[in-house]
Amino acid sequence: MEDLKLFDYQIEGSEWLQSRNGLLAYDMGLGKSATAITASDSINAKTILIICPAIVRSNWVNEFNKFSKNNKANVAYKVSEISNVCIVSYDFAMSKIKELSKIEWDCLIIDESHYLKNPTAKRTKAIIGNNGLAHKAKRIWCLSGTPMGNHVAELWTMLFIFGVTKLKYSEFISTYCETAQNPWGGTIIVGNKQNKLQEVGIMLSKIMLRKTKEDVMIQLPPIFYKDMVVPQVELTFDQLQKDSSFLSYFFPFDKSKELFEKLKKDAEMLQHLDESQSFGTINGFKLLEGLANSVATLRVYCGMQKAIRMAEVIHEELENNDYQKIVLFTVHKAAMYILLDKLLPFGAVAVYGATNEPERIRRIEKFQKDPKTRVMVCNIIAAGIGINLTAASQVVMVEMLWSPNPNAQAIMRCHRLGQKESVNVRFVSLENSIDQKVVQILKKKVKDITDVFKFAKDNQGENL
């Protein structure tokens with residue numbers, strides 16, 4: 001084991017966890033896993049279950065090797081591999097609850113615990129429901145940098161399991177959320193009751209320790225954001241072949257005019273919804289995400305054009321040695337392939353959904369350590385959590401998901417512990433397209449979230 005020292009705020013977090021069940025809500029990149037592992041050592045835990053997204057299981061093994069003086073951890077991919085210090089995915093925990101429940105766990109660590117925000121989901125019931133794994137643990141530690149993504153109802157599972165609220169989920173919603181009738185039946189959450197945000201924040205402070213980068217990392221270099229609009233470009237046949245479904249718009253009959261008409265109408269719809277302030281509500285963002293599905297082909301088309309333009313720009317920047325390394329985030333494979341083709345001379349590697357775990361680890365390590373590997377192209381979902389890409393100080397969001405949090409998590413892969421340089425982030429949108437409007441709308445999201453956590457932080461000193 002490496003003899004590594006924790007930062008003061010990590011020591012504070014470890015001491016806080018040792019005496020309670022709770023939610024460690026440190027910002028992305030502040031070392032929640034090391035903090036929790038150190039706490040498990042301090043309480044002399046012998047049986048530890050870590051539940052995490054599949055993509056970060058190997059990262060947890062590495063963290064145990066670095067920070068635990070008492071335990072070695074292994075990943076369980078099948079029942080026979082379940083051990084006293086065991087790392088499992090959410091799917092494994094959900095499907096093997098009976099086998100995992102045979103052990104009384106000294107400590108249950110739930111990483112990215114916002115995965116449990118929906119109380120009716122099977123994995124939520126399996127882990128923290130009436131007969132869930134949480135009832136087989138002496139300590140329950142939830143870890144999340146983003147415990148609330150949309151509305152305060154997403155905090156209910158944490159507040160309920162830790163005994164801060166006795167309200168049922170439906171009662172909690174009616175008390176703290178704005179709702180409206182769904183045209184298809186039932187009610188939907190459209191926002192938060194503004195006069196109740198402080199009350200939720202105070203409840204949250206009883207179970208949560210929150211630290212942001214601004215609180216604790218004066219030494220972390222700054223991060224800068226820049227919008228970049230690129231002109232449209234005609235795609236060649238070879239480029240169109242990167243996405244077979246999109247190719248059908250042009251061959252054997254050119255339906256591009258139909259495509260552009262749809263683009264124009266959807267952009268007008270966005271404009272109308274934005275002007276009517278519909279996107280100031282949670283429901284508005286659900287509409288946006290729904291629209292993302294309906295214009296999926298258009299998004300591929302926009303992404304391919306942006307990839308072509310940005311590949312040219314980045315090729316020139318790397319040739320001029322404007323910087324050493326860069327990370328490019330995409331949503332669609334077509335855009336990723338275009339970037340890889342153009343940037344292969346600079347050792348470009350990629351991480352996406354089909355990249356198996358050993359290969360994913362190898363590519364990330366190569367990017368981090370090999371000076372000839374100057375480009376990493378990542379799918380936002382596949383590489384947006386649990387990895388370290390601090391070798392790069394340049395980030396380009398070639399494509400974005402139409403939901404803010406995953407994009408922010410992706411950027412934080414570079415702006416985190418270990419980063420030595422200022423991080424420059426470029427958000428790319430396509431001129432005269434739906435892209436430009438979406439980027440503007442996504443920036444309006446976070447005020448309520450910020451307010452709730454501010455109220456919680458203002459009161460957390462009383463609960464240390």
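Here are some friendly notes on the fold of this predicted model.

1. A word on conventions. Residues are numbered from 1 along each chain as its sequence is written, and side-chain values use heavy atoms, with hydrogens and water left out. Because the model is predicted, local features need pLDDT of at least 70 and side-chain atom pairs count only at pLDDT 80 or more, while totals for chains, interfaces and linings use all residues.

2. Overall make-up. The protein has 21 helices and 15 strands (DSSP runs numbered from the N terminus: H or I of at least four residues for helices, E of at least two for strands). Of its 464 residues, 56% are buried (under 20% relative accessible area, with a 1.4 Å probe and protein chains only).

3. Contacts and surface. Taking contacts (heavy atoms within 4.5 Å) between residues at least 6 apart in sequence, 74% join residues at least 24 apart.

4. The six-stranded sheet. This open sheet has the order β10-β15-β14-β11-β13-β12, with parallel pairing (two strands pair if DSSP finds at least two bridges between them). At its edges stand β10 (223-230) and β12 (349-351); each has a single partner strand, so one side of each is left without a neighbour in the sheet. From one strand to the next, the twist averages 20 degrees.

5. Strands β14 (residues 394-397) and β15 (residues 423-430) run parallel and are joined by four bridges. Val396 has Arg426 in β15 as its bridge partner.

6. Axes here are lines fitted to C-alpha atoms, for helices over the stretch in contact, and angles between N-to-C directions run from 0 to 180 degrees.

7. The seven-stranded sheet. This one is open too, with parallel pairing and the order β3-β4-β2-β5-β6-β1-β9. Its edge strands, β3 (74-75) and β9 (208-211), each pair on one side only. Within the sheet, β2 (residues 48-52) and β5 (residues 107-111) pair in the parallel sense over four bridges, and Ile48 stands opposite Cys107 in β5.

8. A helix across this second sheet. Helix α3 (residues 57-67) lies across β2, β3, β4 (85-89), β5 and β6 (140-143), running at about 160 degrees to β4.

Conventions. Buried means under 20% relative accessible area, exposed over 50%, partly exposed in between (1.4 Å probe, protein chains only).
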